Amino acid sequence: MNSKAKNLVISATMFSSCLLFFSVCSQDSGGLQGGLSRYLPQSCEVGGWIRNDIPQEYKGEDLYLYINGGAEIYHEYGFKEIIEQDYINANGKSISLEIFEMENDEAAYGIYTFKRSSEGKRLALGNEGQIEDYYLNFWKGNFLVTLTGFDEEEETVEGLVMIAKSVDAKIESKGKIPSLLSLLADEGLMKLSIKYFKGNLGLYNSYRFFTKDVFGLRDGIKGSYKGGFEVFIFKYKDSKESHKRLQEASRSFRESPRYKNFRPVDEAFQVIDSNDRFIFIKSFQKYILVVLGARSRSAAKEILDSTQENISREKGDSPLRTLP
Amino acid sequence: MTKKIRRRDFLEKSAKIGLSAAFGWRLTSSFFPGSMPHDSEKEKVDIAVVTGSDYLKNTEKAIKILGGIDKFVPKNSSVAILPNTQGKHPGTYTKPEIVRAVIRMCREAGAKEINCLSWLSRKYWDATGLGKVVEEEGANLKIVARDESLFKTIAIPKGKTLKEAKVMRELFNNDVFIDMPITKDHAGNKFTGTMKNLMGLNFPKINRFFHSGDAEQPDDIEHLDQCIADLNKIIKPDLCVVDATELITTNGPFGPGKLVKPQKIVAGVDRVAIDAYCCTLWGMEGKDIIMIKRGYEHGLGEIDLNKVKIKEA
């Protein structure tokens with residue numbers, strides 16, 4: 001083939017590729033009409049990954065149609081809407097993208113902490129992101145974004161990150177974290193262990209205190225520490241309410257066969273759980289503080305000193321903190 | 001000569017003379033004439049557990065350990081199978097090769113019809129590869145629309161929380177029922193297995209009641225587990241074959257979550273014992289799971305694994 005013919009072939013190939021490229025993009029953009037779909041990366045934006053099939057969308061109670069009983073935890077945190085879109089590449093790999101719009105930043109942060117593990121790797125995505133073996137979560141503003149691959153191969157993991165970055169760029173809101181976070185003592189805190197709760201279901205998945213909402217929990221946090229113990233902080237309207245809740249909780253602990261050696265101590269009480277872990281619970285201002293797994297009461301009190309100092313230093317009643 | 005009454009004939013007769021509610025408990029054993037009391041075996045095995053990566057072969061092996069598929073599937077019977085096709089994320093649905101093995105074994109036993117039941121849409125079956133397996137093996141995929149008229153109301157006379165269930169009518173067109181869950185985490189109550197899988201037969205709106213709790217205690221976990229135990233009082237599988245190969249232990253039931261890979265197929269008839277066994281695979285005990293405890297308290301099976309014969313291969 002002479003050089004003129006070669007050039008013709010190259011030009012024709014490039015022209016066809018461009019046509020295909022714009023064809024795929026224009027097919028995509030026909031479906032992107034606002035709502036959550038505006039956050040879906042188009043096929044031409046995520047290098048080799050193209051949208052497969054039409055997205056699924058569910059609002060409010062209809063989340064139950066999508067994930068059945070798995071919907072309850074999302075509703076507990078405050079769920080509004082989800083869009084789900086699959087992506088595939090030329091090698092037959094597949095990635096599922098889910099964008100959850102939650103009621104507010106706290107809800108998004110909370111469900112993010114629920115879903116991420118303490119073993120993943122942090123990623124610079126959104127307000128915070130983390131990648132596990134085959135899936136990835138990040139939160140930004142009032143959105144939680146989850147991407148799932150179907151294997152742990154490098155190509156899939158790279159695809160997860162690429163699509164995630166594209167979604168991140170489309171979400172403009174920044175988001176604020178719950179101020180409760182600042183009350184956890186810093187020393188020895190394993191940051192990936194932090195869980196933020198908006199109800200008993202979230203709490204139960206962290207530690208099975210009770211099947212019923214004994215603490216009347218609507219705003220709580222947990223952190224695990226290198227010393228092998230955990231600290232829970234539950235926030236109430238005021239000290240009167242926290243004290244009342246403590247009294248109700250102490251009754252439940254005293255009467256439950258799952259806990260033994262109940263002992264009231266001043267404005268607090270202690271028990272041992274069925275795994276012989278020591279639990280110390282007290283109220284302090286408008287909070288209930290729980291230490292699980294300390295060696296003794298005095299150790300638990302020492303652990304709570306920093307938390308109580310943080311509470312005492314707390315200014316105002318803003319539920320959220322702006323991220324740095 | 002006595003005539004062997006098939007379950008669907010019994011049901012029709014019972015419905016006519018209005019006996020179904022009064023004799024609910026008896027229905028469970030009459031529903032599935034395939035589950036005749038087992039002959040005393042040389043070695044009676046309650047739970048068969050086979051470990052390994054060949055899921056198809058291991059499923060066959062597990063059922064053989066229990067005495068073979070012929071014990072559960074009579075010749076010319078219709079078989080209903082209920083796999084879990086709820087999610088497409090890894091570790092959330094029953095593996096296709098396990099379902100393939102059971103379909104094949106049923107066919108070998110001479111089943112005239114094998115029906116995979118679901119009120120989830122075809123999309124779920126295709127996304128998991130289960131739809132393809134059903135087609136390839138010549139079984140029927142019976143997708144039941146979420147139309148209340150397609151579900152039969154059954155009273156639960158001893159129901160503590162759930163007083164009646166609405167079970168898909170399609171189930172009653174079969175002589176044998178094989179429950180095929182994947183065992184995994186569930187954010188609602190920390191565990192799902194054979195007992196919870198039966199929610200896949202129940203009308204979705206009623207299932208919503210399971211999860212929503214009562215007016216005083218919405219999202220009461222104990223409410224959910226009691227409802228599941230109540231449901232199990234009126235539906236008894238002839239055989240349970242559980243996918244415990246690769247499963248999520250967090251963020252269940254839908255995932256994605258932390259995957260563990262015990263690579264086990266677990267089979268048996270005692271749902272309580274099977275669930276009590278399965279939850280140990282990620283560090284729990286049957287007594288920790290309210291649903292399993294309730295199942296035991298209601299006489300649905302044995303919770304103490306020291307009292308059941310488990311054969312591992």
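The domain assignment of chain A, which is automatic or taken from a database, gives domain 1 (33-170) and domain 2 (177-322). The C-alpha centres of domain 1 and domain 2 of chain A lie 31 Å apart. This is a predicted model, in which local features need pLDDT of at least 70 and side-chain atom pairs count only at pLDDT 80 or more, while totals for chains, interfaces and linings use all residues. Residues are numbered from 1 along each chain as its sequence is written, and chains are lettered from A and ligands numbered from 1 in the order in which they are written.

Contact between two residues requires C-beta atoms, placed from the backbone, within 7 Å.

| Domain of chain A | Residues in the contact |
|---|---|
| domain 1 | 14 residues |
| domain 2 | 16 residues |

On the side of domain 1 of chain A that touches domain 2 of chain A, the elements giving two or more residues are α3 (71-77) and α4 (105-115) of chain A. Helices (H or I, at least four residues) and strands (E, at least two) are DSSP runs, numbered from the N terminus. The largest share of this side, 7 residues, comes from α4(A). By class, this side of domain 1 of chain A has 5 nonpolar, 5 polar and 4 charged residues; Ala, Val, Leu, Ile, Met, Phe, Trp, Tyr, Cys and Pro count as nonpolar, Asp, Glu, Lys and Arg as charged, and the others, Gly among them, as polar.

In chain B, B:D243 lies in strand β8 (residues 239-244). B:D243 counts as buried because it has 26 C-beta neighbours inside 10 Å; the buried class takes 20 or more other C-beta atoms within 10 Å, exposed 12 or fewer, and partly exposed the range in between, with C-beta atoms placed from the backbone. Apart from neighbours within four places in sequence, B:D243 is in contact with B:T94, B:K95, B:I98 and B:I182. B:I182 is 61 residues from B:D243 in sequence, yet their C-alpha atoms are 4.5 Å apart in space.
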